[in-house]
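I opened my notebook for a quick look at one strand and its surroundings. Here is what I looked up, entry by entry.

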Amino acid sequence: MAPIPTPAPEPDDAPDGYVGLDAGTAERQARDRGWSTVRTLPPGAIITMEYVRGRLNFEVGDGVVRRCWKG
């Protein structure tokens, strides 16, 4: 049986620090800080609730991050 891989640790980063940033700036900053996946969503988007380690989610309206959360 193959060993279960150990996922890389998530960046030690506070999602609230992205709120209010321009979406492009926020995405570049998140990738520079080590987030493997950055997902941009419009306000009110219907999404699944599975947790994906290493993913940062942005709710973006009018080009600005309104909300940010891990997973």
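Before starting, I noted the cut-offs: a residue counts as buried under 20% relative accessible area, as exposed over 50%, and as partly exposed in between. I also reminded myself that this is a predicted model.

**Entry 1: the turn.** I began with aspartate 62, which sits in the loop between β2 and β3. Is aspartate 62 buried or exposed? I found a relative accessible area of 75%, so with the cut-off of over 50% aspartate 62 is exposed. I then checked its backbone: aspartate 62 has a positive phi of about 55°, although it is not a glycine. The turn belongs to a hairpin formed by β2 and β3, with two residues between the strands.

Entry 2: Next I walked along β2, residues 55-61. How many residues of β2 are buried? I got seven of the seven, so the rest of the structure largely encloses this strand. I sorted the residues by direction: Arg55, Asn57, Glu59 and Gly61 point one way, while Leu56, Phe58 and Val60 point the other way.

**Entry 3: the neighbours of β2.** I looked up the pairing on each side. Strand β1, residues 37-41, runs parallel to β2, and five bridges join them. As one example I picked threonine 40, whose bridge partner in β2 is phenylalanine 58. Strand β3, residues 64-70, runs antiparallel to β2, with six bridges between the two. There I noted that glutamate 59 stands opposite arginine 67 in β3.

**Entry 4: asparagine 57.** I finished on asparagine 57, which lies in β2. Its relative accessible area is 0%, so I logged asparagine 57 as buried. Which side chain makes a polar contact with the side chain of asparagine 57? I found that of arginine 39, at 2.7 Å. Leaving out residues up to four places away in sequence, asparagine 57 touches Arg39, Arg67, Cys68, Trp69, Lys70 and Gly71.

How values were computed: Residues are numbered from 1 along each chain as its sequence is written. This is a predicted model: local features need pLDDT of at least 70, side-chain atom pairs count only at pLDDT 80 or more; totals for chains, interfaces and linings use all residues. Side-chain values use heavy atoms; hydrogens and water are left out. Helices (H or I, at least four residues) and strands (E, at least two) are DSSP runs, numbered from the N terminus. Buried means under 20% relative accessible area, exposed over 50%, partly exposed in between (1.4 Å probe, protein chains only). A polar contact is a pair of N or O atoms within 3.5 Å; within protein, one must be able to donate a hydrogen and the other to accept it, and residues adjacent in sequence count only if both atoms are side-chain atoms. Contact means heavy atoms within 4.5 Å. Two strands pair if DSSP finds at least two bridges between them.
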